[in-house]
Amino acid sequence: MPYQDINVTLSDTDLKEIRQAIATIQQKLPFLIMLNTTERKRLFKMGDKRLAFVQTSLNAAQCNRNILPASFDLDGFSNDFRLATSLMEIEMLLNQMSEQVDDTLLTVGSEAMSSSLTVYDYVKTAAKKTPGIEGYCRTVRDAVSGY
């Protein structure tokens, strides 16, 4: 959807339901972990290209169980592959939504900032003629000085 002026509200009820939906996702994925930088560097990475390698290896293992040692956990391998492909799909969906939220936040923040600068210009003009506004003008000026 091309960018247009965003003029919507997010109700408290909607925000509460969104938080609950996120909590539900987290509850459905209680096994999620967090790795530190060192741990991340040590692990094999399975991207799109390696996905085919893993799928082919799994197929070969399933078709040729007799060549694998008895200690090889084929069910664990199969489960890992299924979970990895499911998580890749979830990650893609969440990344897409994250980008949309980020772009919308950037746009709405920019709109709010633009409106704030317009108000500041009006306050500066009014402060010259309207008693009591100068204090607000200083507050706004101090806030804007970091911009």
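Biologist: What is the volume of the largest pocket?
Modeller: On a 1 Å grid over the protein atoms alone, probed at 1.4 Å, a pocket is an open set of points with protein on both sides within 12 Å along at least five of seven lines. Grid points are joined across faces, edges and corners, and the volume is the space filled by probe spheres set on them. For the largest pocket this comes to about 2,000 Å³.

Biologist: What kind of model is this?
Modeller: Residues are numbered from 1 along each chain as its sequence is written, and side-chain values use heavy atoms, with hydrogens and water left out. Local features need pLDDT of at least 70, side-chain atom pairs count only at pLDDT 80 or more, and totals for chains, interfaces and linings use all residues, as this is a predicted model.

Biologist: Which residues lie nearest the centre of the largest pocket?
Modeller: Lining residues have an atom within 4 Å of a grid point. The lining of the largest pocket holds 43 residues, and those nearest the centre are L87, I90, E91, L94 and N95.

Biologist: Which element gives the largest share of that lining?
Modeller: Helices are DSSP runs of H or I with at least four residues, and strands are runs of E with at least two, numbered from the N terminus. Two or more lining residues come from each of α1 (12-28), α3 (48-63) and α4 (74-127). The largest share, 20 residues, comes from α4.

Biologist: How many residues of the lining are nonpolar?
Modeller: Ala, Val, Leu, Ile, Met, Phe, Trp, Tyr, Cys and Pro count as nonpolar; Asp, Glu, Lys and Arg count as charged; the others, Gly among them, count as polar. The lining has 7 charged residues and 6 polar residues, while the number of nonpolar residues is 30.

Biologist: What is the radius of gyration of the chain?
Modeller: The chain has 5 helices and 0 strands, and its C-alpha atoms fill a box of roughly 90 × 35 × 30 Å along the principal axes. The radius of gyration is taken over C-alpha atoms, and the globule rule is 2.2 Å times the number of residues to the power 0.38. A compact globule of 147 residues would have a value near 15 Å, but the chain has 27 Å.

Biologist: What percentage of the residues count as buried?
Modeller: With a 1.4 Å probe and protein chains only, buried means under 20% relative accessible area, exposed over 50%, and partly exposed in between. Of the 147 residues of the chain, the buried part is 10%.

Biologist: Is D75 buried or exposed?
Modeller: D75 belongs to helix α4, and its C-alpha atom is 69 Å from that of V123, 48 residues away in sequence. Because its relative accessibility is 53%, D75 counts as exposed.

Biologist: What is the relative accessible area of T85?
Modeller: T85 is also part of helix α4. T85 is partly exposed, at a relative accessible area of 28%.

Biologist: Which residues does Y120 contact, leaving aside its neighbours within four places in sequence?
Modeller: Y120 lies in helix α4 and counts as buried because its relative accessibility is 10%. Contact means heavy atoms within 4.5 Å. With those neighbours set aside, the partners of Y120 are C137, V140 and R141.
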